[in-house]
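Okay, thanks everyone, I'll keep this short. Have a look at the sequence and the structure on the screen, and then I'll walk you through the fold.

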Amino acid sequence: MASIQTGNLNRIEFLPLSVIRRPIVPVLDEEKISKMIETLKSMSDPDAIDDGLPPIDVLRIKKNGKEWYFGFGGCHRFQAYERTGKKMVKCKIVPITESMLKMYVGGSLDNMFIESNDAINES
């Protein structure tokens, strides 16, 4: 079933799992993740476009010449992909603005655009 945000988007893109930021710690159902892992493992071609799971909705912001990707839903799919070692994941990308992202992260907005190396250097 399609989400409200991407119900009308038919274009599916693939992104490296590593570029999608997950700012909210998920609450996970291990049984649900296990079933998704079974689905992924049952596919005869692990690189097939249809891996048995729906695409993940990903928000994209362009800032300072860079594209930033954020995922707020699909936490069980993220875990299933991560645990099976899948590097590229199927996504529906929604372009948004910084003010739209602020609705999700509030006062943490500026922290969303820190490179991971920058965060290490600041500690």
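So, what does the accessible surface of the chain come to, and what percentage of it belongs to carbon and sulfur atoms? It's about 8000 Å², and carbon and sulfur atoms hold 52% of that. Bear in mind that this is a predicted model. Of the 123 residues in the chain, 34% are buried.

We've got four helices and five strands, and starting at the N terminus the elements go β-β-α-β-β-α-β-α-α. On contacts: take those between residues at least 6 apart in sequence, and 79% of them join residues at least 24 apart.

Now the sheet. The five strands make an open sheet, ordered β1-β5-β3-β4-β2, with mixed pairing. Out at the edges sit β1, residues 13-16, and β2, residues 20-21, each pairing on one side only. As a reminder, sheet strands pair through backbone hydrogen bonds, either parallel or antiparallel.

Let me stay with β5 for a bit. On one side, β1 runs antiparallel to β5, with four bridges joining the two. Leucine 15 has valine 89 of β5 as its bridge partner, and phenylalanine 14 is opposite lysine 90 in β5. Then β3 pairs with β5 in the parallel sense, over five bridges, and there you'll find isoleucine 56 opposite cysteine 91 of β5. Six of the eight residues of β5 are buried, so the strand is largely enclosed by the rest of the structure.

On to the packing. In soluble globular proteins, nonpolar side chains tend to be buried together. Here, the largest nonpolar core has 17 residues, and the ones with the most contacts inside it are Leu15, Ile20, Val58, Tyr69, Tyr81, Val89 and Cys91. At least two residues of this core come from each of α1 (30-42), β3 (56-63), α2 (75-84) and β5 (88-95). The largest share is from α1, with four residues. There's also another core apart from that one, with 11 residues, including Ile61, Phe70, Leu101 and Met112.

Which residues is tyrosine 81 in contact with, leaving aside its neighbours within four places in sequence? Those are Leu17, Leu40, Asp51, Leu53, Pro54, Ile56, Lys86 and Val89.

Note on methods: Residues numbered from 1 in each chain as written. Predicted model: local features only at pLDDT ≥ 70, side-chain atom pairs only at ≥ 80, totals over all residues. Heavy atoms only, no water. Core = buried A, V, L, I, M, F, W, Y, C linked by side-chain atoms within 4.5 Å. Buried < 20%, exposed > 50% of the residue type's maximum accessible area, 1.4 Å probe, protein only. Contact = heavy atoms within 4.5 Å. Pairing = 2+ DSSP bridges. Areas by Shrake-Rupley, 256 points an atom, 1.4 Å probe, with all protein chains shown as cover.
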